[in-house]
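Welcome! Please take a look at the model below, and then we can walk through it together.

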Amino acid sequence: MRNLLGGKGANLAEMSSIGLPVPPGFTITTQVCTYYYDHDESYPDDLEDQVSKAVKALEGSMGAGFGDKSNPLLVSVRSGARVSMPGMMDTVLNLGLNDETVAGLAAKSGDERFAWDSYRRFIQMYGDVVLGIPHHEFEDILEQHKRDENISLDTDVTAAGWKDLVGAYKDLVKQELGHSFPQDVNEQLWGAVSAVFKSWQTARAVAYRRIHEIPESWGTAVNIQCMVFGNMGEDCATGVAFTRDPSTGENYFYGEYLINAQGEDVVAGIRTPQSLSLRGREKDGGVLPSMEETMPEVYKQLCDVRLTLEKHYSDMQDIEFTVQQGTLYMLQTRTGKRTTAAALRIAVEMVKEGLISKEEGLLRIEPGEAGK
């Protein structure tokens, strides 16, 4: 159902159907995106009611309430066209936080610092990708705070520091836009949904579609999913990985993770990620311990997921995951991009492993790449 659910939504549904640990969620289909542009950027009459019912179902699954002051449900919002393409909206995490629910998250988690860190991340992401305030303006405020406090890492910022930064971020939003950061969680949600659909027509996305002959009518889907947290403490982590080395094709778990972090931290360059496997650490000459060493039980679960995904999809996968208080959650899987050399090695070895036929292996090598 990739055409309807988009690649991300289809793969999340597929992982759920084969028993992998995926946080509850739902997808607004690509057909709604098409309707949105065919009807002057408006929604079908019954969409609001359907989304409301879907959110109620998430509340039931998580035992939390969307906008509840004492036990808030938080969600992520992601775009997901049927083919991966640049120019689409970046992910928004922690949606559902406001000046009241942040106190509920602090009480529920027992960690005030985590709650206010999550709130400032939400304002920064939402402010950038939904409200259109450049990311660097938030980063400048954060860097100034660290200079003032004579600290170098985000992880050194205290709960009081994050609280002060939330105030500064909200001041920035009001200064830039002339109105306050939205406190109504439903306004937050629909703002993010609209931003996903609007990103389908950004100049970069339109140019990419033109070059690659992707029809405008395909549209993009919106994936709304319950939040799980990799930044709740030292028994939490987030990471990205390939089920094989995408550069060489070697059959080992290739990836990176960070303890006590959220997804964007791994790719932002703020902290140095650690290798997933001991083999990866040895190859990279890393000095920091691998997940195989620091979280052996979770790593073993992740290895089982790796084998399940390769067997199911019969191809190398590119995955994202989060560990919340020792529990593993899968956030994404997709066919992994690879070099020509890796494609050849993976095809040959998967034939030998019985995952694919010889004929399928031959088809895995693009004709234009074969001579390289």
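## Charges

How many positive and negative side chains does the chain have, and how far apart do the centres of the two sets lie? There are 36 positive and 55 negative side chains, with the two centres 5 Å apart. Here Lys and Arg count as positive and Asp and Glu as negative, leaving out His and the chain ends. Each charge is placed at NZ of Lys, CZ of Arg, CG of Asp or CD of Glu.

## About the model

This is a predicted model, where local features need pLDDT of at least 70, side-chain atom pairs count only at pLDDT 80 or more, and totals for chains, interfaces and linings use all residues. Residues are numbered from 1 along each chain as its sequence is written, and side-chain values use heavy atoms, without hydrogens and water.

## Overall shape

The chain's radius of gyration, taken over C-alpha atoms, is 21 Å, which agrees with the value near 21 Å for a compact globule of 372 residues. That globule rule is 2.2 Å times the number of residues to the power 0.38. Along the principal axes, the C-alpha atoms fill a box of roughly 60 × 55 × 40 Å.

## Inside the chain

Of the 372 residues, 49% are buried, meaning under 20% relative accessible area with a 1.4 Å probe, counting protein chains only. The largest nonpolar core holds 64 residues, and Ile28, Val77, Leu95 and Ile224 have the most contacts inside it. Such a core is a set of buried Ala, Val, Leu, Ile, Met, Phe, Trp, Tyr and Cys residues joined through side-chain atoms within 4.5 Å. A second, separate core of 22 residues includes Met15, Ile259, Leu302 and Leu309.

Leu95 touches (heavy atoms within 4.5 Å) several residues beyond four places away in sequence, among them Phe66, Phe122 and Val185.

Notes. Buried means under 20% relative accessible area, exposed over 50%, partly exposed in between (1.4 Å probe, protein chains only).
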